[in-house]
Amino acid sequence: MLKFLKGVVSGSVGGIKDLPYNIGDPYPSAWGSWSHFRGTSKEDGSPVSIFCLSSSNPQDGYLAAGRNGVKRLRTVRHPNILSFLHATEVETFDASTTKLTIYMVTEPVMPLSQKIQELGLQATQRDEYYAWGLHQIAKAVSFLNNDCKLVHGNICLSSVVITQTLDWKLHAFDVLSEFDGNNEAATGPMLQYEWLVGSQYKPMELVKSDWATIRKSPPWAIDSWGLGCLIHELFSGVKLGKTEELRSTISIPKSLLPDYQRLLSSMPSRRLNTSKLIENSEYFQNKLVDTIHFMEILSLKDSLEKGPFFRKLPNLAEQLPRQIVLKKLLPLLASALEFGSAGAPALSALLKMGSWLSTEEFNFKVLPTIVKLFAFNDQHIRIELLRHIDQYGESLSAQIVDEQVYPHVANGFSDAHANLRELTLKSMLVLAPKLSQRTISGSLLKYLSKFQVDEEPAIRTNTTILLGNIASCLNEGTRKRVLINAFTVRALRDTFSPARGAGIMALCATSSYYDITEIATRILPNVVVLTIDPDSDVRSKAFQAVDQFLQIVKQYQEKTNAEAASIGISSIPGNASLLGWAVSSSNPLPLASSGTHPTSATSNASSVMDTSSTTQLSVTSSTELTDQPVPVSPTSTDGWGEIENGFDEHDSDKDGWDLELLEEQKSSPALANIQAAQRLPLSQPISQPRLQSTSLRPETTGKVTKDEVDNVLESIAAPEPATSARPLASGRGRGRKQAAPKLGAQRINRTSSSGM
């Protein structure tokens with residue numbers, strides 16, 4: 001009774017609940033008496049494989065062989081041998097029966113026969129993958145026989161499993177034993193559990209239990225025979241039923257047939273050593289084996305070998321089995337990049353392979369490696385990352401971009417190499433929408449402000465294009481402070497004609513962000529000047545922009561008139577209409593759609609993005625800003641806060657155009673006086689103390705006296721100003737104030753791009 005209670009207690013303590021792994025669904029097949037299950041770790045949920053062997057007899061030979069297999073697998077380590085993780089032996093009770101179960105936990109694998117059916121490889125790709133798998137198993141067998149002096153004893157299709165990376169691994173070590181060929185006194189069986197091996201897999205000397213011959217044979221004799229059995233099962237597609245079936249070589253590839261026959265030699269001493277099979281077999285010389293082998297020893301290769309290899313890899317990967325590339329080559333390549341053994345050319349191959357993955361797999365297998373690479377100081381890797389950012393940029397989350405990617409990318413803004421600066425600028429088209437407003441205002445806009453005066457004209461042009469494309473990412477206050485200043489004060493005055501064209505297109509693409517006052521007083525005056533630009537392309541874009549913005553102004557007027565009519569205000573010609581415009585400008589209504597979408601600018605901008613220029617120009621200030629007050633803008637440190645155009649909305653009347661036209665419509669006596677003044681015979685400027693007496697009229701015209709001239713001039717003269725008199729300009733007509741040139745009202749001397 002006490003013994004029973006002790007057994008119950010020990011069984012409950014050592015039960016399956018104490019196994020730190022969860023047992024899942026079983027696989028349909030396994031080696032020997034073992035059962036193979038899927039499993040997961042209770043700690044982190046990582047996948048594992050769980051092998052179970054049970055018996056109700058504590059003295060069962062299968063349990064003893066199973067314990068031997070667990071012990072051997074725990075102590076033997078090799079890349080092509082199944083990796084051991086955990087093992088335990090549990091005693092359970094079912095009614096009056098005691099049951100012993102051995103649990104062995106390994107890396108996640110599945111039976112080779114099942115995986116081959118899933119892959120469904122055919123023809124050349126199948127042979128290449130089989131060659132790679134046999135190459136791996138041959139290395140494992142060679143390690144046991146030649147290095148460890150161990151004999152596996154039962155190599156066959158069931159003793160091979162496949163990992164998640166499609167590597168072939170050897171297991172089923174229950175029969176494994178030391179080779180004691182040097183012990184002449186030994187007479188008993190060398191393989192204690194050889195009875196577990198099916199007779200169809202045994203060579204003739206093992207069938208006869210001729211241990212003397214076995215001990216005189218080389219250590220690889222038994223396992224070379226087993227490798228031949230594996231090759232036959234692999235290519236025939238069925239398990240070996242009897243030894244005589246090995247003579248059928250119809251399914252064996254011709255390049256492998258000579259080695260297959262030597263592995264199955266009837267004389268143990270003449271059987272092919274697996275190490276020689278690896279070195280000399282023609283069958284193992286193919287693209288897949290060579291590529292994976294090169295990747296595995298990449299750290300031993302020099303840069304002269306790595307460069308050509310990685311440049312060919314993207315095209316080579318398309319010719320290899322797709323699943324092997326994604327599950328084997330891709331992890332090797334990602335690891336090589338992370339640890340620095342692969343250079344910048346490998347990134348193109350990584351992204352090419354990554355494009356074949358689903359979005360979830362790409363984010364899990366490729367994206368973490370890319371994020372780590374941004375922290376590298378290698379300039380070549382950074383250039384490759386930025387050059388291909390459109391392939392992975394959309395997969396980056398906003399948090400990763402703002403916290404991990406942008407801080408490293410921003411270093412490229414200050415780089416001495418123009419190529420890296422330009423690639424950094426272009427990458428912002430993808431990264432900027434994922435940045436926080438704090439990062440945009442506090443960092444990005446500062447760099448873009450400097451880039452608008454960069455020595456490289458292409459960088460200046462692309463900066464304008466970028467600002468037009470990311471305008472939607474800016475908040476309203478930043479847009480009002482930055483966009484017009486960046487496009488008019490800098491872009492439209494650039495000496496590089498594509499930069500001026502980009503400024504015009506950027507204004508058009510962002511037209512929905514400007515109110516009617518900004519369009520009428522700041523944008524149109526600056527754009528109109530470019531209608532006489534030396535460059536024909538700039539002129540064409542300027543006319544299109546003028547038409548677009550005038551259309552917006554017309555729509556605003558129509559809407560204003562319609563709203564005025566709806567509340568009973570009649571339209572009055574003359575000065576009243578101008579007053580209505582002024583009032584409307586102080587309280588602008590919502591604008592109608594401009595009809596121009598940002599995509600149009602993007603398409604035009606892309607042509608400039610792709611155009612590289614070797615001409616180096618520096619942007620110089622063509623005019624000095626006026627001292628007149630400017631609208632108050634929020635304090636900024638992004639580089640555009642201090643750039644104001646000095647254009648005053650009340651300053652338009654000082655140009656004289658609107659007031660003169662108004663006087664023509666209002667006062668006919670004044671018009672008569674002006675016409676009389678125009679008929680005066682003047683040969684010198686009005687600023688001279690005396691009028692010339694020489695007349696330009698025919699001699700038949702009567703002479704005009706000085707008093708008559710003075711009377712006419714006094715009738716059209718402007719009233720005296722309250723302040724000191726202004727100096728009159730030389731020449732004919734009314735005196736004009738010599739003020740600093742204003743935006744949109746000046747002729748800017750530029751150099752045409754055709755002359756660069």
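Asp167, Glu296 and Lys328 are linked in a network of salt bridges, where a salt bridge is a side-chain nitrogen of Lys or Arg within 4 Å of a carboxyl oxygen of Asp or Glu. This is a predicted model, in which local features need pLDDT of at least 70 and side-chain atom pairs count only at pLDDT 80 or more, whereas totals for chains, interfaces and linings use all residues. Residues are numbered from 1 along each chain as its sequence is written, and side-chain values use heavy atoms, with hydrogens and water left out.

A search of the whole structure finds 20 salt bridges. Side chains of opposite charge can pair when their charged atoms come close. One of these pairs is formed by Lys115 and Glu118, whose side chains meet at 3.5 Å, N to O; both residues lie in helix α3 (residues 112-119), three residues apart, which is about one turn of the helix. Helices here are DSSP runs of H or I with at least four residues, strands are runs of E with at least two, and both are numbered from the N terminus. Lys115 counts as buried at 9% relative accessibility, while Glu118, at 47%, counts as partly exposed (buried means under 20% relative accessible area, exposed over 50%, and partly exposed in between, with a 1.4 Å probe and protein chains only).

Which parts of the chain does the salt bridge between Glu318 and Lys352 tie together? The closest N and O atoms of Glu318 and Lys352 are 2.5 Å apart. Glu318 lies in helix α11 (residues 303-319) and Lys352 in helix α13 (residues 345-354), so the pair ties together parts that are 34 residues apart in sequence. Glu318 is partly exposed, with a relative accessible area of 44%, and Lys352 also counts as partly exposed, at 23%.

Asp494 and Arg460 form another salt bridge, with their closest N and O atoms 2.8 Å apart. Because Asp494 lies in the loop between α22 (476-490) and α23 (497-509) and Arg460 in helix α21 (residues 457-469), this pair ties together parts that are 34 residues apart in sequence. Both Asp494 and Arg460 are buried.

Turning to helix packing, the axes of helix α4 (residues 123-147) and helix α7 (residues 221-236) come within 11 Å and cross at roughly 165°, the axes being lines fitted to C-alpha atoms over the stretch in contact, with angles that run from 0 to 180 degrees between N-to-C directions. That makes α4 roughly antiparallel to α7, a term for angles over 145 degrees. Residues of α4, among them Tyr130, Leu134 and Ile137, meet residues of α7 including Leu227, Leu230 and Ile231, contact meaning heavy atoms within 4.5 Å.

His78 is found in the loop between α2 (61-75) and β4 (84-94). Not counting residues up to four places away in sequence, His78 touches Lys139, Ala140 and Phe143. A polar atom of the His78 side chain lies 3.0 Å from the backbone nitrogen of Asn80.

Ala172, although not a glycine, has a positive phi of about 60°; Ala172 sits in the loop between β9 (168-170) and β10 (177-178) and counts as buried at 9% relative accessibility. Ser209, which is not a glycine either, has a positive phi of about 55°. The place of Ser209 is in the loop between α5 (204-207) and α6 (211-216), where Ser209 is partly exposed, with a relative accessible area of 36%.

Technical notes: A polar contact is a pair of N or O atoms within 3.5 Å; within protein, one must be able to donate a hydrogen and the other to accept it, and residues adjacent in sequence count only if both atoms are side-chain atoms. Angles under 35 degrees count as roughly parallel, over 145 as roughly antiparallel, 65 to 115 as roughly perpendicular and the rest as oblique.
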